[in-house]
Structure formats: C-alpha cells, structure tokens
Amino acid sequence: MTTAPVHNSAPRHAMWPLYAAGFTTAFGAHGIAANLGGFSEDAVTSLLVLGGLLALYDGAEVLLKPVFGTLADKVGARPVLLGGLIAFAAASALYALADSPGWLWAARLGQGAAASAFSPSASALVARLNPAANHGRAYGSYGFYKSLGYTLGPLLGGVLVWAGGLRLLFTVMAVLGAAVAVWAARAVPAVPPLPKARQTVLDLARRLAARTFLVPTSALAAATAALSVGVGFLPVSGAAAGLGTVATGAAVSVLAATAAVVQPAAGRALDSGRLGLRTGLSAGLLTTAAGLGCAMLPGLLGILTGAVLIGSGTGLITPLGFAALATATPRERLGQTMGSAELGRELGDAGGPLLVAVVATLTTLAYGFAALALLLAIGPVLMLIGQHRRASASPQ
C-alpha cells in the first residue's frame with residue numbers, strides 16, 4: 001500500500017476508482033428508484049410502500065453523510081470509502097439472495113447508509129489527492145461520471161428489471177459495489193488522517209455558518225433542487241402538452257447529458273483562471289433559473305430549451321461548488337465539510353420538487369417552475385449585495 005503525497009496530483013489510475021464510486025452512488029440511487037414500481041413480478045405495487053422505500057434511502061443519506069464525513073477525517077477517507085462500498089455490495093446482495101419484500105426494506109436502508117459512507121469519502125479523496133490548482137478539473141471529472149450514473153441508471157436499470165426483475169438489478173448492484181471496492185483497494189493510495197486541533201460544537205457551527213461554506217453549499221443545493229425538478233416535472237409538462245414518452249424521456253436525457261458534458265469544461269476553466277468562483281456560481285444559478293423559465297413555455301421547444309439550460313447551469317455549479325469547499329476547508333476537516341455539503345444537496349433534492357409540487361397544486365406547474373426560478377435568481381443578487389457591502393466597508 002502506498003501513501004499519497006498531498007502536494008502533487010495523484011496518478012490517473014488512482015482517480016478512476018473514485019469516479020467509479022461516484023457513478024455507483026448515482027446509479028444505485030436512480031437505477032433502483034426509477035424501477036421499483038416497474039412491470040416485473042417483484043415490483044412494488046403500493047404507492048405508499050414505494051414512497052416509503054424512496055424516502056428510506058434518502059433519509060439514511062440525510063442523517064448519516066455528516067457522520068461518515070467526520071469519521072473519514074478521524075480514521076482516513078480510504079477505509080470509510082472501502083467499507084461503504086463493501087456494505088453497499090452486501091446490502092444489494094441481501095435482497096438478491098433473500099427475494100423477500102421485507103428484506104427489500106433492509107436492503108434499501110443498507111444501500112442508503114453505505115452510500116452515505118463512500119460518497120463523501122470519495123469527494124474528500126478527490127481533494128486530498130489533488131492540489132488546489134487542479135480541484136476544478138478533478139471535481140469536473142468526478143461530476144461527469146456521477147452524472148453518467150444519473151443518466152444511465154433509469155435506462156440500464158429498466159433493462160435489467162425487464163430481463164430479470166428487481167433481483168437481477170440488485171445482483172448487478174452487488175457486483176458493481178464489490179468490483180469498485182476491489183479496484184479502489186488496489187489503486188487508491190492511503191491518505192492518512194491529518195492532525196487537527198480539538199473542535200467544539202461552537203467551532204463547527206461557526207465554520208458551517210461562514211460564507212465560504214454557506215455560499216457554495218447553497219448553490220449546490222439549488223442546483224440539485226433544479227436538477228430533481230427537471231427530471232421529475234419536465235415529463236409531466238410534456239405529457240400535458242400532448243408529447244409522448246419518447247419525447248419527454250429524451251428531454252430528461254438531454255438535461256442529464258448536458259450537465260455531464262459541462263462539468264469537466266467548467267472545472268478546466270476554473271483551474272486555468274478563465275472563470276472565477278463567484279462569477280461561475282452566479283452564472284450557473286442564473287442559467288438554471290432561465291432554464292426553469294423556459295420550462296414554463298408550452299410545447300417541445302420550451303421543454304428542450306429548459307432541459308439544456310438547466311443542465312448547463314447545474315453542470316457549471318457542481319464542480320465549482322465542490323472546488324470552492326475544498327479550497328476553503330482545512331484539509332484535516334475535508335470529510336466533515338463534504339458530508340455536510342452533501343446533506344445540503346440532499347435537502348435541495350427533496351425541497352425543490354416539494355416546492356414546485358405545492359405551488360403547482362395551488363396554481364399550475366408553470367408557476368411552480370417560476371417559484372423555483374425566482375428562488376435561484378435571488379442567490380446572485382445576494383452575492384452582489386454582499387460584495388458591494390464589503391467593498392463599501394473596506395478602507396479606501
């Protein structure tokens with residue numbers, strides 16, 4: 001086992017398992033979630049049970065990601081990464097072998113808990129294995145493969161469920177988790193935990209309340225909210241306009257693919273100095289808000305334009321947000337910061353669709369899109385006001 005230096009970029013072969021871990025968590029989340037209520041013999045037929053299973057996975061992530069992020073700082077991110085991947089494989093195998101509806105709950109809870117361990121650990125390792133000057137590029141690549149998991153998960157999951165039911169899908173998840181764990185054990189170097197001063201609860205609260213944490217985390221949460229709304233509600237808007245499932249499915253694929261393509265380019269632009277963090281995050285939020293505005297327009301043009309702009313905006317925000325967090329965080333606290341930031345994203349993932357659904361229920365779906373667009377547009381305005389106040393307060 002080798003120990004990685006923290007001042008040079010890790011070799012590419014050491015980064016690939018981390019990208020695969022990002023793909024695994026995204027594929028596991030969307031691949032199963034999109035097909036639990038499918039047409040196989042073992043599919044979930046009760047809406048109440050389906051909602052419970054979806055909430056179980058997300059609830060585990062909300063509660064446990066900060067915990068495992070802190071653990072990664074104490075014992076090292078690599079052991080938590082490997083343990084999470086192994087636990088993900090074991091939880092997936094549980095239902096694949098047991099084939100019982102009761103064990104499906106346990107398997108889904110286990111998958112959510114395991115993803116809570118290896119997802120923030122992988123994010124922390126991306127930062128630890130690369131110097132600050134390469135964080136944008138590294139997180140852009142990590143986000144690209146995670147977006148691939150979100151894009152391919154429903155499609156490949158659907159094929160697997162069609163071919164062999166949920167058990168086959170969970171079997172593939174088990175094999176994938178185990179394979180990535182073995183790959184990471186062989187290729188990812190040991191990154192020992194760094195010595196750190198004792199931290200009180202007040203110290204943690206102050207650090208999480210600082211602008212260097214709140215601004216990028218809020219932007220990441222907003223991006224995730226818009227992405228979830230696009231994936232969930234653009235097909236509804238398309239169906240209302242008389243479009244078929246192929247057209248609405250293509251729109252969702254365009255959204256996810258655009259986000260995947262934009263992320264590496266945004267990361268490279270950040271590292272080269274062609275794009276600043278504040279400018280990039282503001283542009284990403286405004287682009288995403290514009291996409292939600294376009295989604296208000298009826299017909300295929302509005303849906304596709306909205307999908308492209310939402311994908312572009314979220315693809316711009318994601319690598320910049322994580323790079324900003326990694327740069328501003330003491331290296332010995334990276335796991336804790338990434339876990340807390342992931343919590344913010346999970347809240348956005350749940351809060352965005354909930355906001356749009358509530359507003360749409362009271363009015364129409366177009367007003368739901370408008371409400372989230374307005375909320376996202378407020379972010380750049382607040383950044384501009386804060387920048388103006390700091391400039392005014394600084395001595396001349």
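From the N terminus on, this protein runs α-α-α-α-α-α-α-α-α-α-α-α. That makes twelve helices and zero strands. Helices here are DSSP runs of H or I with at least four residues, strands are runs of E with at least two, and numbering starts from the N terminus.

A word on the source. This is a predicted model, where local features need pLDDT of at least 70, side-chain atom pairs count only at pLDDT 80 or more, and totals for chains, interfaces and linings use all residues. Residues are numbered from 1 along each chain as its sequence is written, and side-chain values use heavy atoms, without hydrogens and water.

Now the whole chain. Of the 396 residues, 49% are buried, meaning under 20% relative accessible area with a 1.4 Å probe, protein chains only. The protein exposes about 16,900 Å², and carbon and sulfur atoms supply 71% of that. The areas come from the Shrake-Rupley method with a 1.4 Å probe; for residues, only the protein chains shown count as cover.

Next, contacts, meaning heavy atoms within 4.5 Å. Take those with a separation of 6 or more: residues 24 or more positions apart account for 84% of them.

Look at helix α5, residues 135–187. Straight, its 53 residues would span 78 Å at 1.5 Å a residue. The expected span is 1.5 Å times one less than the number of residues. The end C-alpha atoms of α5 span only 20 Å. Where is the kink in α5 centred? On glycine 164, at about 125 degrees. That bend is the angle between axes fitted to the seven residues ending there and the seven starting there.

Last, alanine 240, in helix α7, residues 211–240. Its C-alpha atom is separated by 8.9 Å from that of glycine 299, 59 residues along the chain.

Note on methods
Buried means under 20% relative accessible area, exposed over 50%, partly exposed in between (1.4 Å probe, protein chains only).
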